[in-house]
Amino acid sequence: MTITETTPNLTASPGSTAPAAGQAWTARLWGILAVLCVVMFLDGLDVSMVGVALPSIGTELGLDTTSLQWIINGYVLGFGGLLLLGGRTADLLGRRNVFLVALAVFAVASLVGGLVDNGTLLIVTRFVKGLAAAFTAPTAMSILTTTFKEGPARNRALSIFSVFGASGYSSGLILGGLLTSAGWRWTFLMPVPFAVATLVAAVVLIPRDRPADTGGHDLVGAVTLVAGMMLAVYTVVSAPARGWADPLTLGLFALAAVLLASFVLVERRIAHPLVRLSILKVGAIVRANLSIIALFGSYLSFQFMVTIFLQSGLGWSPLKMAMALLPAGLIVAFGSPFVGRLVDRFGTPRMIIAALGSLSAGYLWFLFVGSDQPNYAVAILPSVILLGFGFTFGFTSIMAQATSGVDDSEQGLASGLVQTSMQVGAALVLALTTALVTAGSHTGAGTASFEQFRPGLILVTGVALLGLAITVWPLIRGRRYSAVPEASQA
């Protein structure tokens, strides 16, 4: 396969659902985009609603804090560990088939999660739900990027796609507070009818696609990658409680490193690798993956700290806390549709620079202005607004850069790679943030003063600034940004 320059390819490849150049967006294309956006919305909705409901779940099922964290971390383990496998499976078995099966599993897991009366079973359903999301997320992205051609059409579609993800998360904060008052089970059951309706629409609207003409199932690579990634994620999320220097933690990290090193060796030797390692030679794609770690890792960690600080530190109700953070979600929801045009005009690198610069400014403002008695309009709202603009500019731009110039047959791989970086990178940054926040405290983060959160705030600010530096550096050196190297052979 030949990788060419970033000029949009106006001819669809076999199996692609992309319209020809100049073709108007038909009702069916809008329908396909709507199906993908609803799935994105449900993913964001589920995570935020369940987070709000955790105290009620613990009270009814008798779960302590350690057990409750696995209701979230179980989802992360399934999601982050299998994303790359999910994307590659879609390339090899067909995007439509994988998408439909994964969405059905997601609906069933949601239903079971709302009916169980056992904490362990609830955590298992969350893990299964994460597994399903690991296949729906990259598959939805690859369906989008093969349906809408690279350039203005794809940028516009990605902008709309981003709106629903942000809207789902911001809506979930409010809906979670409302539904939890009626019973925490509704936070699990509410997405079920929407998932079923979306599944029916997907069967009707998404056309059949042809799996890759060449390639095989790299079972050894899949096993080593999945085992290594899941073990790494598990070690990261469990290390703060056990201790980073604990022999078991160090041993698990070492074993994860061995598994991932074995995966690299397998991919270099096998005829049909799960991950074509030469894709990592594309500088813009590597920068996109590092940028999404800086963007989502710092954003998620900051939100985690502010949520604890406002609810447990200042005694705010979940609904009041959600309303305080809502402006960021509204900015993303209303601003994302215009990002595609900005990307067309200014390019992805400059948009990513603006995004990470805005995030860094928001973190720095809260770091220096925040206190134990913060004024919302002065200390919190400016940071929330800056974060909203940062995420608005960044998410669509990074996704566009991460999949630009990649052949349709590998869009699942590129999509899975960037989303794996987002989930696993965010888990790592959040784990480090949690360790810093809880260090030296015997009462936990929730009862601490603002000063206990300062080390974590410094970390997320540093992560955002590092991502900004990685994106700016090629411009400083005078290098031309390109999503792919010049006419190289893979």
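Reader: In which helix is the place of Ser-110?

Author: Happy to start there, with the reminder that this is a predicted model. Ser-110 has its place in helix α3, which spans residues 95–113. So the helix you are after, going by the DSSP runs, is α3.

Reader: Is Ser-110 buried or exposed?

Author: Residues under 20% relative accessible area count as buried. Ser-110 has a relative accessibility of 1%, and it touches Lys-129, Phe-188, Leu-189 and Val-192, leaving aside residues up to four places away in sequence. At that 1%, Ser-110 therefore counts as buried.

Reader: How are α3 and α7 oriented to each other, roughly parallel or roughly antiparallel?

Author: The axes of α3 and α7 (residues 191–205) come within 9 Å and cross at roughly 165°. Angles over 145 degrees count as roughly antiparallel. The two helices, α3 and α7, are therefore roughly antiparallel.

Reader: How many residues of the contact of α3 with α7 are nonpolar?

Author: On the α3 side the contact includes Phe-99, Leu-103 and Ser-110, and on the α7 side Val-192, Ala-195 and Leu-199 are among the residues involved. In the contact of α3 with α7, 2 residues are polar and 1 is charged, while the nonpolar ones number 13.

Reader: Which exposed residues does α12 carry on the face turned away from its buried side?

Author: Helix α12 covers residues 339–346, and its buried residues are Val-339, Gly-340 and Val-343. These cover an arc of only 105° around the axis, which puts them on the same side of α12. The face turned away from that buried side carries the exposed residues Arg-341 and Arg-345.

How values were computed
Residues are numbered from 1 along each chain as its sequence is written. This is a predicted model: local features need pLDDT of at least 70, side-chain atom pairs count only at pLDDT 80 or more; totals for chains, interfaces and linings use all residues. Side-chain values use heavy atoms; hydrogens and water are left out. Buried means under 20% relative accessible area, exposed over 50%, partly exposed in between (1.4 Å probe, protein chains only). Helices (H or I, at least four residues) and strands (E, at least two) are DSSP runs, numbered from the N terminus. The arc is that of the directions from the helix axis to the C-beta atoms. Axes are lines fitted to C-alpha atoms, for helices over the stretch in contact, and angles run from 0 to 180 degrees between N-to-C directions. Angles under 35 degrees count as roughly parallel, over 145 as roughly antiparallel, 65 to 115 as roughly perpendicular and the rest as oblique. Contact means heavy atoms within 4.5 Å. Ala, Val, Leu, Ile, Met, Phe, Trp, Tyr, Cys and Pro count as nonpolar, Asp, Glu, Lys and Arg as charged, and the others, Gly among them, as polar.
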